[in-house]
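This report concerns aromatic rings and their surroundings. Please examine the sequence and the model below before reading on.

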Amino acid sequence: MRLTRQDSLLLIVDLQAGLLPVIDAGDQAVTEAAWLGGVACELNIPVWLTEQYPEGLGGSEPRLLEALPNHQLWQKVHFNAHAEADFAGALEKSGKRQIVLCGSEAHICVMQTGLGLLQAGYEVYWLSEAAVSRRAEEARLARERMTTAGAIAVSADMVAYEWLDRCDDKSFRQIHKRFLKPRSARPLRFF
């Protein structure tokens with residue numbers, strides 16, 4: 001399976017300000033999600049964010065919101081975002097079948113959302129360096145369970161270059177200048 005711009009949507013689950021201080025590699029997850037979200041916005045790929053109980057966990061991380069001016073925000077009560085009728089209906093209506101998935105906590109809301117999407121027939125791409133939990137072991141187990149269930153583990157660079165597809169068009173040159181320079185400040189951490 002290969003990602004395409006036409007079929008993709010980036011779904012960032014519950015990277016919320018009140019939760020991130022206790023999340024292992026939370027800053028890295030925000031950096032990676034914001035970086036890939038910026039690429040998605042440049043390519044007109046939808047970026048959706050969810051929030052679980054924002055009254056207690058705070059809203060989405062401000063750095064993420066600043067980096068993603070063209071996002072759609074969904075509040076949810078189910079751990080599985082796809083169990084929310086409005087969300088599921090809007091996703092079906094969007095026509096997007098490839099969901100690049102990341103967020104926190106990987107072993108709860110991200111995984112349950114991913115399982116719900118797989119069950120509904122979507123292709124799920126697990127953005128490994130941006131799917132995080134309070135404990136790294138739980139994020140690792142969530143990734144294993146998701147890949148066993150049919151999700152495909154990916155990195156942000158893998159996704160970006162699949163979306164770009166080729167190096168000889170205007171989109172690549174613009175995005176390469178802005179986003180695809182070496183990012184030594186972004187250590188990769190896979191679970």
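## Burial of the aromatic residues

Tryptophan 74 has a relative accessible area of 13% in this predicted model, and this residue is therefore buried, since the cut-off is under 20%. Phenylalanine 87 is buried as well, at 2% relative accessibility. For tryptophan 48 the relative accessible area is 6%, which also places this residue among the buried ones.

## Ring pairs

A pair of aromatic rings is characterised by how far apart the centres lie and by the angle of the planes. The model holds four aromatic pairs. One of them joins tryptophan 48 to phenylalanine 87, edge-to-face, with 5.3 Å from centre to centre and 75° between the planes. Because tryptophan 48 belongs to strand S2 (residues 47-52) and phenylalanine 87 to helix H4 (residues 85-94), this contact ties together parts that are 39 residues apart in sequence.

Tryptophan 74 and phenylalanine 87 also make an edge-to-face pair, because their ring centres are 5.5 Å apart and their planes stand at 75°. This pair links distant parts of the chain: tryptophan 74 lies in strand S3 (residues 71-76) and phenylalanine 87 in helix H4, 13 residues apart.

## The aromatic cluster

Trp48, Trp74 and Phe87 together form one aromatic cluster. Phe87 is paired with Trp48 and with Trp74.

## A charge over a ring

Another ring is faced by a charged side chain. Arginine 97 is positioned over the face of tyrosine 122, at 3.9 Å from the ring centre.

Note on methods:
Residues numbered from 1 in each chain as written. Predicted model: local features only at pLDDT ≥ 70, side-chain atom pairs only at ≥ 80, totals over all residues. Heavy atoms only, no water. Phe/Tyr/Trp six-rings, centres within 6.5 Å; stacked < 30°, edge-to-face > 60°. Helix = DSSP H or I, 4+ residues; strand = E, 2+ residues; numbered from the N terminus. Buried < 20%, exposed > 50% of the residue type's maximum accessible area, 1.4 Å probe, protein only. Lys NZ or Arg CZ within 6 Å of the ring centre and 35° of its normal.
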